[in-house]
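Colleague: I'm new to reading models like this one. Could you take me through how its parts meet?

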Amino acid sequence: MTPSDAAAAAPWWQEAVFYQVYPRSFADSDADGVGDLAGIRARLADLAWLGIDALWISPFFRSPMADFGYDVSDFCDVDPLFGDLAEFDGLVADAHTLGMRVVIDWVPNHTSEQHPWFLDASSSRDSPRRDWYVWRDPAPDGSPPNNWVAAFDLTAPAWTFHEPTGQWYLHLFESAQPDLNWDEPAVEAAMHDTLRFWLDRGVDGFRADVIHGIGKDPALPDDPPDVAGIPHCALNDEPVTHERLRSIRTLIDGYPGGRMMVGEVFLMSTEAVATYYGHDDELHLAFNFPPLFAPWLAERWRACIEETLAALGPRGAWPTWVLSNHDNPRHRTRYDRAAARAGEDDATAARRSEARARVAAVLLLTLRGTPFVYQGDELGLTDADIPADRVVDPGGRDGCRAPIAWDGTPDHGWPTAAGTTTWLPLAPEADTRNRAAEVADTGSVLHLYRRAIVLRRATPALSRGSLELVESPAGVLAYRRELDGDIVEVRLNFGGTGVDLGDPGLVDADVLLASDGPEPPRRFTGVLGPDQAVVLRR
Ligand code: TEU
């Protein structure tokens, strides 16, 4: 096998740049103020232009929307708010025509309280589906069966008392999201059927929501004092989950065309996340969130990279990298807020904020592993400030979910009928930071993403090569990517002053990409500018 054959043999999801679409806020086709599948479909060519290889689309299934779609009442249908199955089929067909894959969300840990399964299970203790959910008698004093707390409201138990049948049911999230009982074989079979339903329709894979939650200690023991009060969804890490993942893997790999699953393993340890790849027989990919929560410091990022490669490398597991998603403030906002807490004044913030976000983009797109770009990060967006009367999310995550501005028209591509408005206020700076304006400006953040993605695709050392951390001055993160003798050097300045790298070998190196583009100087001077990242070839 020649090296190029080896590269060609890599599964597509290792080389792909993924793009997360949060459908409520991406693009709207019917002027109801909520995005939809036809809206996404109309913008596929824009994503292809950006160089995206695969979309992950957050839930669009039938849902009462207590958690904006992560409370599913029918896993095998499209909510009318977003369109219908025919529209979805058209979206997949169009994406495939444009050379893009489509990965959809799968929410196996819980359903909506309106799901027919839960309506049935809660109808009586004798319901044949009673055991599809997790029911327990009250403690002797009538209190919940254990001390677990739910996500979003840490003062609330992860249990709701169901008056009519006199038992508590478990929910790691909202009470409107009862947890499925995967110890019940019929649940596992039914959830496998939901995977088959979408695989048969041609999806390329799944992003599995809180996948580590599908195994629970059947004794449901109290959380020990040192972790009591942490949402229990962050704690489940049970051996049985790995068995269940192996069955899921067999099912998915039984389909032709290289289908895949990327799992949300919301555990705060990279070591723990690594085990969910199994021995290449569980998840194809797993999200690893410690880097998402890492501060913007070169030394901390160096440690994250070291930990990730050390935990995954020996297993042959392929890393993923995420800087933003629909559950957390955008990276630009997180880094700005941290800088403000550390005393950064407004004038400095104005100068550094976008530059930092650009360095972060170069980081995301040059690491070893599959990058996931969250919609709007490619425009350099910050979170929206949501006025108190517009807050809608129980978890307070509205700021990163603000609708994307498409152009400079007064409604920015989101027309709504008189007297109505978009479901959340639009993302900030919509007059200038909209897609049309950034397409027209080759110096925009959007063009930086595009150039970085084009470079990644054209440079196997970046998409497939090894990563070696390199010694560097304080405040600079440095690494080398290499494949088949081709060496690409990445240097990222996390600080606001220029740094002489003190590496004569880099002086006059070819600049393949500079975060402050558009046209990189052809030769590197050896000095990194403030908040500047460069990709070099000696
Ligand atoms: O998130 C799981 C999860 O653990 C995070 O939501 C976390 O609890 C939260 O960000 C803390 O603020 C997934 C989805 O990504 C999220 O949108 C859903 O709300 C959740 O599962 C329930 O389905």
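Modeller: The centres of domain 1 and domain 2, taken over C-alpha atoms, are 28 Å apart. This is a predicted model, where local features need pLDDT of at least 70 and side-chain atom pairs count only at pLDDT 80 or more, while totals for chains, interfaces and linings use all residues. Residues are numbered from 1 along each chain as its sequence is written, and side-chain values use heavy atoms, with hydrogens and water left out.

Colleague: What makes domain 1 and domain 2 separate domains here?

Modeller: Domain bounds come from an automatic or database domain assignment. That assignment gives 3–111 + 185–454 to domain 1 and 465–537 to domain 2.

Colleague: How many residues does each domain bring to the contact?

Modeller: Contact means heavy atoms within 4.5 Å. Domain 1 brings 26 residues and domain 2 brings 31 residues.

Colleague: What does the buried area between domain 1 and domain 2 come to?

Modeller: Buried area is the accessible area (1.4 Å probe) that two parts lose on being put together, summed over both. Here that is about 2200 Å², with carbon and sulfur atoms giving 64%. On the domain 1 side, R302, V359 and T366 supply 25% of the area buried against domain 2, more than any other three residues.

Colleague: Why is the meeting of R352 and D531 called a salt bridge?

Modeller: The rule asks for a side-chain nitrogen of Lys or Arg within 4 Å of a carboxyl oxygen of Asp or Glu. The side chains of R352 and D531 meet at 2.7 Å, N to O, so the pair qualifies. Across the interface of domain 1 and domain 2, the rule finds 1 salt bridge.
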